Amino acid sequence: MASTEFDPYMERKAFDETKEGVKGLVDAKITEVPPIFRIPRDALTDKKPSVSVSDLEIPTIDFASVHVDTSSREAVVEKVKYAAENWGFFQVINHGVPLSVLEEIKDGVRRFHEEDHEVKKQYFTRDDANKKFIYNSNFDLYSSSPSVNWRDSFVCYIVPDPPAPEELPEACRDAVFEYSKHVMSLGGLLFELLSEALGLESETLKSKECLKTLLMVCHYYPPCPQPDLTLGISQHSDNSFLTVLLQDNIGGLQILHQDSWVDVAPLPGALVINMGDFLQLITNDKFVSVEHRVLANIQGPRISVASFFSSSKHANSTVYGPMKELVSEEDPPKYRDITIKEYTDGYFEKGLDGTSHLLNFRI
């Protein structure tokens, strides 16, 4: 009997048209990962050895003393500088976001994703131009990405033009508004510390409109029957200045450090901070935007909330290049000038294919 030809586009389209995402597959009690989710074989064998936590651990920075006095703040700035230059990632504790707020946003994300499929379908769309709340699975489903990731997500545009309460589902409405307020405030502090870490005035990065927009992406990774065959999120770096990530206790986030995959072990009450591509570009490689991924897991669901400080949604005419204060004859600009829109359009078109989009802009 002739084998039927596997058409990845048609398969992806059929998956998309259910509007039920990966959660729908799991609810249907599938026991095998469908072909569109399977990572190419060469990518499986190419998985660089993962390093156990005992060997390498991303820095954890305590913000408790940041407002105490100048010397305490300078000590925190030194740690931020080290992490931003060498790791591109750090965890922060005593960050000022109440534990109850962290728990409530995780619960809200779970409540929405575990709603009846008919309720969620009202929010399902691929048209992100006019909506401030978008639910779907894999933003890059129709890109050239080699495989589909094992997760569903909702996206919410919060700043500068917040949604009206009725635009958000009741399941997560209050939690999203409350959490985002705290994240904006933490973002302000992070950009001050990063500016100081560059040897610049506290307000420098804010003045570059790094805080101008906030986009929240709330992921739901259902338990996966064959976690070795797929990924929760493929290898990528972030299309942002800065990302603040809240993850639950299941784990699976890994960063590429010194050619090894290093686990970012969940730390209760902590937030994970990582530099994005735009920050690497404007700091002329002083800070690094690091490739990372999320493994699929037989346990689940895993919940994570990524808050991106970036200006990608709005047609923003600001042109970004390496900051004048950070370039010199000895250290000339390494990137050409871009607009965020130009960068983002290419990033979305390419999808999460494991290559860096930033390299396309190097001089």
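1. Residues are numbered from 1 along each chain as its sequence is written. In this predicted model, local features need pLDDT of at least 70 and side-chain atom pairs pLDDT 80 or more, while totals for chains, interfaces and linings use all residues; side-chain values use heavy atoms, leaving out hydrogens and water.

2. You will find 22 salt bridges here (a side-chain nitrogen of Lys or Arg within 4 Å of a carboxyl oxygen of Asp or Glu). Arg-73, Glu-192, Glu-196, Glu-203 and Lys-206 are joined in a network of them.

3. Lys-23 pairs with Asp-27 in a salt bridge, with closest N and O atoms 3.0 Å apart. Both sit in helix H2 (residues 21-27), four residues apart, or about one helical turn (helices are DSSP runs of H or I, at least four residues; strands are runs of E, at least two; both are numbered from the N terminus). Lys-23 is buried at 12% relative accessible area, whereas Asp-27 is partly exposed at 38% (buried is under 20%, exposed over 50%, partly exposed in between, with a 1.4 Å probe and protein chains only).

4. Asp-331 and Lys-286 also form a salt bridge, at 3.0 Å from N to O. Asp-331 is in the loop between strands S14 (319-320) and S15 (338-339), and Lys-286 in the loop between helix H9 (277-282) and strand S12 (292-295), so the pair ties together parts 45 residues apart in sequence.

5. The structure has zero disulfides (pairs of cysteine sulfur atoms within 2.5 Å). For Cys-172, the nearest cysteine sulfur is that of Cys-218, 7.1 Å away. Cys-172 is buried, at 1% relative accessible area.
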